[in-house]
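Q: Hi! Could you walk me through this structure?

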Amino acid sequence: MTAALGQGVVKVAVFGAAGRMGQAVCRAVLDAPGLDLVAQIDVDDDPQRAVEAGAEVAVDFTHPGATMQNIEFCARNGINVVVGTSGFDEARQDQVRALLHGTEVRVLVAPNFSIGAVLMMKFAANAAPYFESVEIIELHHPDKVDAPSGTATRTAELVAEARAAAGSAPMPDATLSPSQGGPGLDGARGAAVESIPVHSVRLRGLIAHQEVLLGTVGETLTIRHDSLDRASFMPGVVLACKKTGTLPAGLTVGLDALLDI
Ligand code: NAP
């Protein structure tokens, strides 16, 4: 049985509490009125501590390999989950839907918790049908283990959906890669996510940045978002801790489900 949220103080456990994001989340939860940090769990800790502390919602900023186990554990114990960890593709989302089936547990997976990034995704999807070409460049610190980023993947999916709904023609691109008999190098055109080219840069000094490039005859539009500090993610994480219990049971993808935009 999932603990009811929405009234009083929400008890929060943090998985990945010793990580870069986890530490920032713990501070944000401690500072947030209406939230109580009851368990900080990292790789060597027993997750049972979250249950014993009465956690109502668990925040996961760990590694793609660990998140699914943490969700399974929370689902078994009636704890809602807010997932920030990247790498949550369609196959993993289907796994989560299957494991939540018949439970009252809510899992919110947000590829990006910053309001600016959520708006960037929304603006990109709105603009996409008006341009022939769309490409995404995501730029991150070199300690990030996954590429492309969850935000870039989600943006590409939203852009592809908008283009499909508008009946957009395939994007113009004369490139012939070596495997197609052309000159040049395989990979030079990036990875294709739903047919949208996504380019990943890993550079010391960066945190998390993304550009969506849109082009048509005679004009281009660039939508750029920069997370300059991990603090940018915290209002979204705090909102998710407070509101995930109000979502329908099962899986929800995207912070926009909790925002009126
Ligand atoms: P990080 O510094 O490596 O932190 C991950 C932490 O989780 C580490 O302390 C790690 O321990 C720990 N951990 C590993 N397995 C665990 C388990 N089973 N249970 C509990 N803790 C476990 O990484 P980060 O920079 O904080 O990023 C974490 C994730 O958040 C990444 O996937 C990143 O892409 C994502 N992210 C998402 C957003 C968003 O808005 N959605 C924003 C920023 C980052 P060890 O190091 O000992 O393995």
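**Domains and their contact**

Q: Which stretches does the domain assignment give for the chain?
A: Domain 1 covers 10-109 + 231-258, and domain 2 covers 115-228. Keep in mind that this is a predicted model.

Q: How many Å apart do the C-alpha centres of the two domains lie?
A: The centres of domain 1 and domain 2 are 28 Å apart. Their contact involves 9 residues from domain 1 and 10 residues from domain 2.

Q: And how much area do they bury between them?
A: About 750 Å² is buried between domain 1 and domain 2, with 55% of it on carbon and sulfur atoms.

Q: Why give an area at all?
A: The accessible area lost when the parts come together is often used to state the size of an interface.

Q: OK, what about salt bridges between the domains, how many are there?
A: The count is 1 salt bridge between domain 1 and domain 2.

Q: Which residue does Arg 20 form a salt bridge with?
A: Arg 20 pairs with Asp 143, and their closest N and O atoms are 3.6 Å apart. On the side of domain 1 that touches domain 2, the residues divide into 4 nonpolar, 3 polar and 2 charged.

Q: Switching topic: what does UniProt place at residues 116-256?
A: The unreviewed UniProt entry has the feature "domain: Dihydrodipicolinate reductase C-terminal" there.

Q: What is the chain like over residues 116-256?
A: That stretch is 28% helix and 28% strand, and its end C-alpha atoms are 11 Å apart.

Notes: Residues are numbered from 1 along each chain as its sequence is written. This is a predicted model: local features need pLDDT of at least 70, side-chain atom pairs count only at pLDDT 80 or more; totals for chains, interfaces and linings use all residues. Side-chain values use heavy atoms; hydrogens and water are left out. Domain bounds come from an automatic or database domain assignment. Contact means heavy atoms within 4.5 Å. Buried area is the accessible area (1.4 Å probe) that two parts lose on being put together, summed over both. A salt bridge is a side-chain nitrogen of Lys or Arg within 4 Å of a carboxyl oxygen of Asp or Glu. Ala, Val, Leu, Ile, Met, Phe, Trp, Tyr, Cys and Pro count as nonpolar, Asp, Glu, Lys and Arg as charged, and the others, Gly among them, as polar. UniProt positions are given in the numbering used here, feature names are shortened, and annotations may be inferred rather than shown by experiment. Helices (H or I, at least four residues) and strands (E, at least two) are DSSP runs, numbered from the N terminus.
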